[in-house]
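Student: I have a model open and want to learn how to read it. Can we go feature by feature?

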Amino acid sequence: MIITNTRGTQDILPADMMYWHHIETTARSIFNIYHYQEIRTPIFEQSELFERGLGNDTDIVSKEMYTFLDKGNRSLTLRPEGTASIARAVIQHPQLTKHNQAKLYYCGPMFRYERPQAGRFRQFHQIGVENIGNAHPFTDAEVISLGLHLFDELGIPGLSVSINSVGCPVCRPVIQERLKQFIGNTLKHLCGDCNRRFDQNPLRILDCKNDTCRTYFTGLPDIHKSLCHDCKDHFNSVVEYLDSLGVPFDIDPKLVRGLDYYTKTTFEIVSDKLGAQNALCGGGRYDNLVRKMGGKDTPAVGFAFGVERAVMILKEFSEIVKREDPLIFVAPIGFNQQTRCFHLMNELRRAGLKCEMDYSKEDLKSQLKIADKMEASYCLIFGEEEAERNEIILKDFKKRSQDSHPIDHIVEILTQKITPQ
Ligand code: HAM
């Protein structure tokens, strides 16, 4: 029986790679402009990192983590997201915050045991930024506008931004209490998760994906009225700075996001080109996470976006042109010419030219067929006669022409043809 990949995972094939490279290269260059540096953290961590960091009441921790015991009986988890690991790394490596701030970005696979559907996978990739150490509301506005800058540069259409504030430990109890008062009467109509969260973490009820539950959330009391002075000021400033940067956004009082570490600002960037799973990017401020993980009081704000979702949009709606170096196919005719061609291929590659040879074929006709299938731009033909004259034939498929050249000059000749002057 053939073994296939597991449900919710996918092979990313060469034909799609140009989208991935476009996204990764553009992200790196934009992050560089905003003075972020790359960090790579392990793909698995101690389970406690995510339990403590993300919150036990979240869907991610309670239902979606790939957790296992290793051979030493340690509970490990494949990372479901990047922020908790970054908080850990910042505590573990004080040199990261030697200027009192760390501006870090990451790219890589994340794992969540979710029900797979279009745009939702069990192994997916995120690219994210974490701005650690800055409490000023400029930072929230900068991070949101960085996200939009990146998506504009990538050529992703149909974007909109929603923002909210989920308060802080001072005003959160007031918000939770008002929510409980509002939701209390309808509790019997809500799902088991909502009922459980009602006592433990009422704000999380707003994150419920169940359509029936969501119908009961209309007319919700305005969270913003319960924010403390500091959170209100912060939110108003973020709104003002976004306006001043010309960033269009909507305020969505129900945007609590699926992770418990958020304080004050939460935001999402969605694309109307994505369908049901329309969230392209999510983020927010998490001023208490580093302290909760055992570090110092450290304000922070960041976001992550799903690369698969960005690829889905680009494939359908953008015209990224595939840029590939021309391929030279090297075709020796007969066994005796193979070794000379094998060495020539080595010289071409050392000169930076892309070439290929089929070691199993000796006749020209079948080699030209393969060159055609590989969409080669050139073919170098080397038979007995050419060997005697110390020459090689250069066939140009596009120009439909061919000439003989001294074999000792062919690398130079091809370099001049191919390398942009
Ligand atoms: P998140 O909203 O859970 O936030 O994920 C961010 C993005 O990852 C989503 O908007 C979506 O594009 C993508 N994503 C999430 N789950 C899946 C999935 N199962 N399949 C495909 N794509 C998915 C976080 O992870 C936070 N750590 C973001 C953050 C960084 N907040 C502050 N800093």
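Student: How far apart are the centres of domain 1 and domain 2?

Tutor: This is a predicted model, so keep that in mind throughout. Taken over C-alpha atoms, the centres of domain 1 and domain 2 are separated by 50 Å. Domain 1 is built from two stretches, 14–171 and 227–317. Domain 2 covers 328–418.

Student: Next, the ligand. How many residues surround the ligand, and which are the closest?

Tutor: The ligand is surrounded by 27 residues. The closest are E81, E114, F121, E130 and Y262.

Student: Which element gives the largest share of that shell?

Tutor: Strand β10 does, with six residues. At least two shell residues each come from β6 (123–132), β10 (279–285) and β11 (300–306).

Student: How much of the ligand does the protein cover?

Tutor: The general idea comes first. Interface size is often quoted as the accessible area lost when the parts come together. Here, the ligand on its own has 660 Å² of accessible area, and the protein covers 95% of that.

Student: Now the packing. How many residues are in the largest nonpolar core?

Tutor: That core has 51 residues. Those with the most contacts inside it are L54, I183, C194, L203, L206 and F217. Helix α4 (residues 83–92) supplies the largest share of this core, five residues. A second core is separate and has 42 residues, including I30, I156, F305 and I313.

Student: Which residues does L54 contact, beyond its sequence neighbours?

Tutor: Set aside everything within four places in sequence. L54 then touches I60, V61, P80, E81, A84, L259, D260 and Y261. One of these, E81, is also among the residues closest to the ligand.

Student: And I183: is it buried or exposed?

Tutor: Buried means under 20% relative accessible area. I183 is at 2%, so it counts as buried. I183 sits in helix α6 (residues 172–184). Beyond four places in sequence, I183 is in contact with L190, F198, I205 and F217. Now compare sequence and space. I183 and P221 are 38 residues apart along the chain, with 10.0 Å between their C-alpha atoms.

Student: What about backbone angles? Which value of phi does E375 have?

Tutor: Phi of E375 is near 55°, a positive value in a residue other than glycine. E375 belongs to the loop between α13 (364–373) and β14 (378–382). At 65% relative accessibility, E375 counts as exposed, because the cut-off is over 50%. N390 also has a positive phi, near 60°, and is not glycine. The loop between α14 (384–389) and β15 (391–396) holds N390. N390 counts as partly exposed because its relative accessibility is 43%.

Student: Last one. Where is T9?

Tutor: T9 lies in the segment before α1 (17–33). Its relative accessibility is 24%, so T9 counts as partly exposed. The T9 side chain reaches the backbone oxygen of T6 at 2.6 Å. T9 and P42 are 33 residues apart in sequence, and their C-alpha atoms are 19 Å apart in space.

Notes. Residues numbered from 1 in each chain as written. Predicted model: local features only at pLDDT ≥ 70, side-chain atom pairs only at ≥ 80, totals over all residues. Heavy atoms only, no water. Core = buried A, V, L, I, M, F, W, Y, C linked by side-chain atoms within 4.5 Å. Buried < 20%, exposed > 50% of the residue type's maximum accessible area, 1.4 Å probe, protein only. Helix = DSSP H or I, 4+ residues; strand = E, 2+ residues; numbered from the N terminus. Contact = heavy atoms within 4.5 Å. Domains from an automatic or database assignment. Near = heavy atom within 4 Å. Areas by Shrake-Rupley, 256 points an atom, 1.4 Å probe, with all protein chains shown as cover. Polar contact = N/O pair within 3.5 Å; in protein donor to acceptor, adjacent residues only side chain to side chain.
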